[in-house]
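Try each exercise before you read its solution.

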Amino acid sequence: MSHRIFILPLWIRLWHWTNALLIITLTVTGASLHFADPTLPLVPFATAARVHDVAGLSLAGLYGFFVIANIVSGNWWQYVPKPGGFVERCARQTRFYLFGIFKGEVHPYPPTKEANFNSLQQIVYWIIMYFFMPLLVLTGLIFQWPDLAPKRIFGMDGLVPVAVLHYLVGIVIVSFMVAHIYLGTTGVKVTSLFKMMITGWHEE
């Protein structure tokens, strides 16, 4: 018989799915802008540019909400790697993802009300949400208002390194999203963790 605990309040679930929708929209329109081909448009260039701008500004606002809501609710603590065996916990969790999960082993650190994330998730999510996401938002905002960019960097137009950084960070975020979706299938059932992100109830 499965055991259920409620671990995700409504605001986190709404933020998560809105964030996911915006990242997917930005990925599709961003790819269309970068690999524009008049004969094979993923999304027409002009449409992709308008949608990318609106989705980007929405993501910037949503990220601001995420940071403030985390501070006010105390949820920021979930992202902080805890000392005392942190490396060992990460190594055990990595081994589970690489081998144990395919042998049907029990999850070494299932979510609890006090710790939604295992140690590996904490360090990865912290880096993604507090390092790469601000970089993505900041470089995107500079594209919205190019006057914010330095005139010249290393002898080149100041927007060039901003564009490269925005592109590389975008690849990191998309790679994380793919891995995140895959790991979402590793619950008790393939759909269990997706269901948890809708209902807030974790099943184990």
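Predicted model: local features only at pLDDT ≥ 70, side-chain atom pairs only at ≥ 80, totals over all residues.

Residues are numbered from 1 along each chain as its sequence is written, and side-chain values use heavy atoms, with hydrogens and water left out.

**Exercise 1.** Find what lines the largest cavity.

*Solution.* On a 1 Å grid over the protein atoms alone, a cavity is a set of points where a 1.4 Å probe fits but cannot get out, and lining residues have an atom within 4 Å of a point. Searching the whole structure turns up one cavity of 30 Å³ or more. The largest cavity has a volume of about 50 Å³ (the space filled by probe spheres set on the points, which are joined across faces, edges and corners). Its lining is Arg4, Ser192, Lys195, Met196, Thr199, Trp201 and Glu203. Helix 6 (192–199) gives the most, with four residues.

**Exercise 2.** Describe the second largest pocket.

*Solution.* A pocket is an open set with protein on both sides within 12 Å along at least five of seven lines. Of its 28 lining residues, Leu26, Gly30, His34, His52 and His166 are the closest to the centre. Helices 1 (10–34), 2 (45–73), 4 (119–144) and 5 (159–183) each supply at least two lining residues (helices are DSSP runs of H or I, at least four residues, numbered from the N terminus).
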